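Me: I have a chain open and would like to go through some of its features. Could we begin with the pockets?

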Amino acid sequence: PVRNGERFDLVIFNIPLMDKPVSSRSELALCDPGGKLLSRFLREVPGIVRSAGVAMFTHATISAPLALPPDGQVRMLAESQRENGEIFRIYSWSRQ
């Protein structure tokens with residue numbers, strides 16, 4: 001866990017991508033029902049990244065909708081599409 005007041009220059013978060021309930025133990029790292037984990041990360045990221053720092057995170061079309069944080073700027077860095085049509089993206093967040 002992040003200690004109170006601890007800040008970082010770079011935070012990388014590979015979120016669980018699937019927006020569905022966990023149906024087995026093997027899905028624990030794959031599912032983020034309702035995007036709760038992603039929403040918490042985006043809500044708290046301004047408090048853990050230094051003023052000139054950046055956070056990078058993943059998102060896909062099988063994820064919950066991307067709720068952008070109120071502070072800072074989100075940029076898409078890369079995008080890849082699978083044969084089944086799923087789109088996977090890497091984003092960055094920064095204050096600038």
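Reply: In this predicted model, helix H1 (residues 36-44) gives the most to the lining of the largest pocket, with 4 residues. Helices (H or I, at least four residues) and strands (E, at least two) are DSSP runs, numbered from the N terminus.

Me: Which residues line the largest pocket?

Reply: The lining consists of Val 2, Phe 13, Leu 37, Arg 40, Phe 41, Glu 44 and Ile 48. On a 1 Å grid over the protein atoms alone, a pocket is an open set of points where a 1.4 Å probe fits, with protein on both sides within 12 Å along at least five of seven lines, and lining residues have an atom within 4 Å of a point.

Me: How much space lies in the largest pocket, and what is its lining by class?

Reply: The space is about 160 Å³, where a volume is the space filled by probe spheres set on the points, joined across faces, edges and corners. The lining has 5 nonpolar, no polar and 2 charged residues. Here Ala, Val, Leu, Ile, Met, Phe, Trp, Tyr, Cys and Pro count as nonpolar, Asp, Glu, Lys and Arg as charged, and the others, Gly among them, as polar.

Me: What are the ground rules for numbering and confidence?

Reply: Residues are numbered from 1 along each chain as its sequence is written, and side-chain values use heavy atoms, with hydrogens and water left out. Local features need pLDDT of at least 70 and side-chain atom pairs count only at pLDDT 80 or more, whereas totals for chains, interfaces and linings use all residues.

Me: Turning to the strands, is E4 largely enclosed or open?

Reply: Strand E4 (residues 87-94) is largely enclosed by the rest of the structure, because 6 of its 8 residues are buried. Buried means under 20% relative accessible area, exposed over 50%, and partly exposed in between (1.4 Å probe, protein chains only).

Me: How many bridges join E4 to E2 and to E3?

Reply: E2 and E4 run antiparallel and are joined by 7 bridges; E3 and E4, also antiparallel, are joined by 8. Two strands pair if DSSP finds at least two bridges between them. Trp 93 in E4 is the bridge partner of Ala 55, and Val 74 stands opposite Trp 93 as well.

Me: What lies between E3 and E4?

Reply: The two strands form a hairpin with 5 residues between them, and Gly 85 in the turn has a positive phi of about 95°.

Me: And Ser 92, buried or exposed?

Reply: Ser 92, in strand E4, is buried, with a relative accessible area of 7%. Not counting residues up to four places away in sequence, Ser 92 touches Val 54, Ala 55, Met 56, Gln 73, Val 74, Arg 75 and Leu 77; contact means heavy atoms within 4.5 Å.

Me: Where does Ser 63 lie, and what does its side chain reach?

Reply: Ser 63 is in the loop between strand E2 (49-60) and strand E3 (73-81). Its side chain reaches the backbone oxygen of Leu 17 at 2.7 Å. Ser 63 is buried at 12% relative accessible area.

Me: How exposed are Ala 78 and Ala 52?

Reply: Ala 78 in strand E3 counts as partly exposed at 34% relative accessibility. Ala 52 in strand E2 counts as exposed at 69%.

Technical notes. A polar contact is a pair of N or O atoms within 3.5 Å; within protein, one must be able to donate a hydrogen and the other to accept it, and residues adjacent in sequence count only if both atoms are side-chain atoms.
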